[in-house]
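Open the model in your viewer and keep the selection tool at hand. The stops below say what to select and what is there.

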Amino acid sequence: SIVFVHGLQGHPYKTWACKKDEKAPDLSPRLPNPRPNKQRSKKILRRLIPQHLKESVGTSQSGATLENVSLGKDQRPVEKDNVFHASFSFWPADLLPTDCPRARILTWGYDTKITKYMTAAVNQNGIFSHSKDLLFALQRNRDLNRPLVFVAHSLGGIIVKDMLARSYMSAEKDLLNIVESTTAVVFLGTPHRGSKDLASVGEMARKVASAVLMDTNSAMLDALGLKNSELERCQDSFSRLWLSHKFQVKTFQEGFPVTGVKIGLLNEKIVPDFSSLLGDSRERAETLDANHMDMCRFSNASDPNYRKVSGELKIIYHSLEGNNHQAISSLFFQGIETRQQTIDMPLEETCLWLLQAPTYRAWRARENLENHHGLLWIKGKPGSGKSTLMKEAFRHVEQQKSEGNFLTACFFFNACGGELERSPLGLFRSLLYQLLPQSRDAFRRFLVLYRCMDKDQSKCVIWHVGALKSFFHSIFMQPGARRTVIFIDALDECTGEGMRDLAYFFRNVTTSAYKDGLELDICLSSRQYPTITIRLCPEIIVEDFNGPDMIRYVEQRFAAGDISSDGQWAHLVLEILERSSGVFLWLVLVVNILLKDRDKGKNIKHLENRIRQVPQALEELFAQILEGTNSQESHTTTLFFQWALLARRTLRLREWRHVLAFIEGRAPSSLSEWRGSEDYTENDQQLEWQIRSISRGLVENRVVQFIHESVREFFLHHNGFSFLDPNIGPHFIGEGHLSILNTCLDYISISE
């Protein structure tokens, strides 16, 4: 929001408007008239400077805004007839929206007439009472955390400064949020350190008005006195806020005197240069070629003065747009969607059972809320297909977003990935990265947090899980928060004690939202171990329901391999399903083995025996897959799995090209020797084939990592390396790091 605040004797419309000029305006200084006639001098005195738009029709001193929002006490809009509107340029509405298209532009009006030629009494409020009015007007007419930019002319700058000080001292959250959301203040001829000249003109006017029994506002005039203690206090407070909140400040000074008539101070600048400067080393002061009243009016977009002021506003506006991007980008990390992307789409007509399960349907429809408070937990054996189910369920919810006004987000923990892919910090960075662009209010509040974290404006914020966790919770404590549906997969793959802490945290968040009448639905998935008991949290056990999907999978794969599912093959299918015990990964691996043997010409009898030879336990299955390698293959495969298991992060495919070059056989002495050898991998397709062959299919090719966390567990906790090299002792992890070290030394020893 860009908020315009006029100055002494100003008006929410007239202050910022002037006659349109198709040509560039004449900005040459007004030369003094050597022989001013007395009648003209008298006319200037009667106008008393402020009534500079005699042609204006609007008479209301109320505040008015674009977008039909009124900030002043009088809620009537500023009146403008068609003739006036057509012949005058009101630049906040006519010019600025082109330069700041997504900004909300507001004007605020208040009564500051020094004299009024009418019978009504003048508003007796002083400057600081007006600042309080502005504070409350903003409170009523703005969204929390929406960035604020103030453009203040003359006395309006003092009001803005004091208003910000009041905001900072307030104990009310929505009032304090005003200074926290302030991004910039642009001053146009503001008497920061008092204006002896303008106060003297006021005193003269007050004496004239007193002679005809007209009321005046002495408090306003006194506040403009040079070195006034209240003004000094206001200035000191503003300087401290500027330092602590790091908003931008731009000062424009008037370049010309107010008139060419030689009547004392009227032939000088209203606000002298020393007074319109803040006196701060951070200040960037600039002069506009206009007098005090005209410095805030521009006839067209080519007006040099408008180009100066709008140029500054555009810089501020685009910096806000840039900050939006930088704030969101600060949450992003490499691998934020890796696990989700590597999960294959389910076969046709599978996974539908979850969407139709009564427990799941009640959770999605928010039925029987007293029994779950919006939390659901899907559990299953390792390899039972939980991740595929979660991806499909999330996809289905995403498709329904167009029908309902709700937010969605998901996160798939990845124990084989980088640190952030398996940590609570990565979880909350990912969830907020998805949710904030969907919620304007949450995003605005996040910008406040971002600015606090980026106090040195380095644009390099280091996030901590506590801050993001608290902010995530705060989203669902705001009245009117939109419904949100979140899926979190593989909670058991979270590092350390994160699984238990997160389970309790999400229980508390959903219960809190439920009690406050907010709609927050979270679906978790994990293995059944470790055991964590959560009150009022329905569970769905995957292997109790996935039998039909497993039948469809076998039938579809057999059909694709041109194998009939009737007769003797039907018996084979039944035996596979019985031995799978609901573990989908086991089923997939076994079906692949059978299809591979069938293509080698093995008969049905062999395949039946093959099924019986395949162990039901995944660990035993992995061991069987690794058996039968010769000594050279075993050495290369051991080194390969050491890199895959112990690397600090998931290696990219192109990095594996160099790794394989130094673990297959003798290490080359140079890259040129490697490129000329028969072991050189010419393209990614060839590299993927090598990885698939070396890993025996236990590593994914698109992102080189284990096909499942159970494979990683097999090597770490079930002595998987002993099946490759019987001589590996109990310190296989340390030996693995030494092996990686030696490979790195070989690499840095090449001639290049």
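Select strand 11 (residues 483–489) and strand 12 (residues 520–527): five bridges join them, and they run parallel. Strands here are DSSP runs (E, at least two residues), helices likewise (H or I, at least four), numbered from the N terminus. Two strands pair if DSSP finds at least two bridges between them. Zoom in on Phe 487; its bridge partner in strand 12 is Cys 523.

This is a predicted model: local features need pLDDT of at least 70, side-chain atom pairs count only at pLDDT 80 or more, and totals for chains, interfaces and linings use all residues. Residues are numbered from 1 along each chain as its sequence is written, and side-chain values use heavy atoms, with hydrogens and water left out.

Widen the view to the open sheet of five strands, order 10-11-12-9-13, with parallel pairing. Strand 10 and strand 13 (539–541) have a single partner strand each, so one side of each lacks a neighbour in the sheet. From one strand to the next, the twist averages 15°. Angles run from 0 to 180 degrees between N-to-C directions, and axes are lines fitted to C-alpha atoms, for helices over the stretch in contact.

Contact means heavy atoms within 4.5 Å.

Next, select the lining of the second largest cavity, including Ile 336, Arg 339, Phe 411 and Gln 434. A cavity is a set of points on a 1 Å grid over the protein atoms alone where a 1.4 Å probe fits but cannot get out; lining residues have an atom within 4 Å of a point. Helix 13 (338–342), strand 10 (406–412) and helix 17 (424–435) each supply at least two lining residues.

Now move to the open sheet of six strands, order 4-1-5-6-7-8, paired in parallel. Its edge strands are strand 4 (105–108) and strand 8 (285–288). Strand 1 (residues 2–5) and strand 4 pair over four bridges. Pick Val 3: its bridge partner in strand 4 is Leu 106.

Show helix 6 (residues 155–169), which packs on the sheet and touches strand 1, strand 4, strand 5 (148–153) and strand 6 (182–188).

Last stop: which side chains meet in a salt bridge at 3.1 Å, N to O? Select Arg 166 and Asp 162. A salt bridge is a side-chain nitrogen of Lys or Arg within 4 Å of a carboxyl oxygen of Asp or Glu. Being four residues apart in helix 6, Arg 166 and Asp 162 are separated by about one helical turn.

Definitions and conventions: 1 Å grid on protein atoms, 1.4 Å probe; cavity = no way out; pocket = protein on both sides within 12 Å on 5 of 7 lines; lining within 4 Å.
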